[in-house]
Amino acid sequence: MPTCSEARSKLLSLLRGVEHFNTEIFPAKEALFASLAKGQAPGALFIACADSRINPNLITQTEPGDLFILRNIGNLVPAYGEMLGGVSSAIEYAVLGLGVSSIIVCGHSDCGAMKALLEPEKNGLDKMPTVRSWLRNAEAARAATMNTLHSEDAGPATVRCLAEQNVLLQLAHLRTHPAVAAGLARNTLFLQGWFYDIGTGEISVLDEQTRTTVPISGIIEKLQEQTEQETA
């Protein structure tokens, strides 16, 4: 736990950042913020972990207003009706209220939530009952991972395997939400699962059919071909 002095120093750092934004950053993008003041029209809902190392706008190179961002512990999406609340309402609003055309679920390396699933006691879940309850939304991913691995093997590769399985599970949960199901039926909504490696900066797309990762370049090429065929 930080000392009082350390906590004060961190708060001062945040306030100085705000001051810099007000005096330097905002004036340089005043036209952008003027347009955003009238409303938002994001193209995608980005569901990410609350981990402080994940910056959706940075890794997608997007501006304010481009992404409707939903963050929580473990980038989880409860199946519809399981936990009606902030996550379910954000999904519904993004699809029906804002008309997003894509939903991305992004997992990442060294995820604390995945580590806690693998080794609950070691990672302090006994002292965090709310987190323990929330992580039940990833239990099926843990079961799928542990079918071939063991908790004593909980190294980086195992954490990554579980994180990838978790993304695939949350995509399946997404499909149970009525707004999402309707958008998919109309072919006006796309779902993708991503895995972000913090150390290398690499992002891979998870293929739901093969349950394997695919390089971004391959997905871009495929989408471009489909676009060219439709416009030909």
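**Chatting through a predicted model**

Biologist: Where does Glu 208 lie?
Modeller: Glu 208 lies in the loop between strand E5 (203-207) and strand E6 (212-215). Keep in mind that this is a predicted model.

Biologist: What does Glu 208 touch, leaving out residues up to four places away in sequence?
Modeller: Glu 208 touches Leu 168, Leu 171 and Arg 175.

Biologist: And what joins the side chains of Glu 208 and Arg 175?
Modeller: A polar contact of 2.6 Å joins those two side chains, Glu 208 and Arg 175.

Biologist: How far is Glu 208 from Leu 169, going by C-alpha atoms?
Modeller: Their C-alpha atoms are separated by 9.5 Å, and Glu 208 and Leu 169 are 39 residues apart along the chain.

Biologist: Staying in that loop, what is phi of Arg 211?
Modeller: Arg 211 lies in the loop between E5 and E6 too, and its phi is near 55°, a positive value in a residue other than glycine. Most residues other than glycine have a negative phi.

Biologist: Which other residue has a positive phi near 55°?
Modeller: Asp 110 has one, and Asp 110 isn't a glycine either. You'll find Asp 110 in the loop between strand E3 (102-108) and helix H5 (112-118). With 36% relative accessibility, Asp 110 is partly exposed.

Biologist: New topic: helices. At what angle do H7 and H8 pack?
Modeller: Helix H7 (residues 139-146) and helix H8 (residues 156-174) pack at about 135°, and their axes are 8 Å apart. That angle makes H7 oblique to H8.

Biologist: Is the crossing of H7 and H8 left-handed or right-handed?
Modeller: The crossing of H7 and H8 is right-handed.

Biologist: Which residues make the contact?
Modeller: From H7 you get Ala 140, Ala 141, Arg 142, Ala 144 and Thr 145. H8 brings Thr 158, Cys 161, Leu 162, Gln 165, Asn 166 and Leu 169. By class, the contact of H7 with H8 has six nonpolar, four polar and one charged residues.

Biologist: Take Ala 140, then. How accessible is Ala 140?
Modeller: Ala 140, in helix H7, is partly exposed, with a relative accessible area of 46%. The C-alpha atoms of Ala 140 and Gln 170 are separated by 10.0 Å, for two residues 30 places apart along the chain.

Biologist: And Asn 166, is that buried or exposed?
Modeller: Asn 166 sits in helix H8 and counts as buried, at 1% relative accessibility.

Biologist: What is Asn 166 in contact with, neighbours within four places aside?
Modeller: Asn 166 is in contact with Gly 74, Asn 75, Leu 76, Met 114, Ala 138 and Ala 141.

Biologist: What about Asn 75? Where does its backbone nitrogen lie?
Modeller: The backbone nitrogen of Asn 75 lies 3.2 Å from a polar atom of the side chain of Asn 72.

Biologist: Where is Asn 72 itself?
Modeller: Asn 72 lies in strand E2 (residues 67-72). Its relative accessible area is 10%, so Asn 72 is buried.

Biologist: Last one: which residues does Asn 72 touch, not counting those up to four places away?
Modeller: Asn 72 touches Ala 48, Cys 49, Ala 50, Val 87 and Trp 134.

Key. Residues are numbered from 1 along each chain as its sequence is written. This is a predicted model: local features need pLDDT of at least 70, side-chain atom pairs count only at pLDDT 80 or more; totals for chains, interfaces and linings use all residues. Side-chain values use heavy atoms; hydrogens and water are left out. Helices (H or I, at least four residues) and strands (E, at least two) are DSSP runs, numbered from the N terminus. Contact means heavy atoms within 4.5 Å. A polar contact is a pair of N or O atoms within 3.5 Å; within protein, one must be able to donate a hydrogen and the other to accept it, and residues adjacent in sequence count only if both atoms are side-chain atoms. Axes are lines fitted to C-alpha atoms, for helices over the stretch in contact, and angles run from 0 to 180 degrees between N-to-C directions. Angles under 35 degrees count as roughly parallel, over 145 as roughly antiparallel, 65 to 115 as roughly perpendicular and the rest as oblique. A crossing is left-handed if the near helix is turned anticlockwise from the far one by less than a right angle, and right-handed if clockwise. Ala, Val, Leu, Ile, Met, Phe, Trp, Tyr, Cys and Pro count as nonpolar, Asp, Glu, Lys and Arg as charged, and the others, Gly among them, as polar. Buried means under 20% relative accessible area, exposed over 50%, partly exposed in between (1.4 Å probe, protein chains only).
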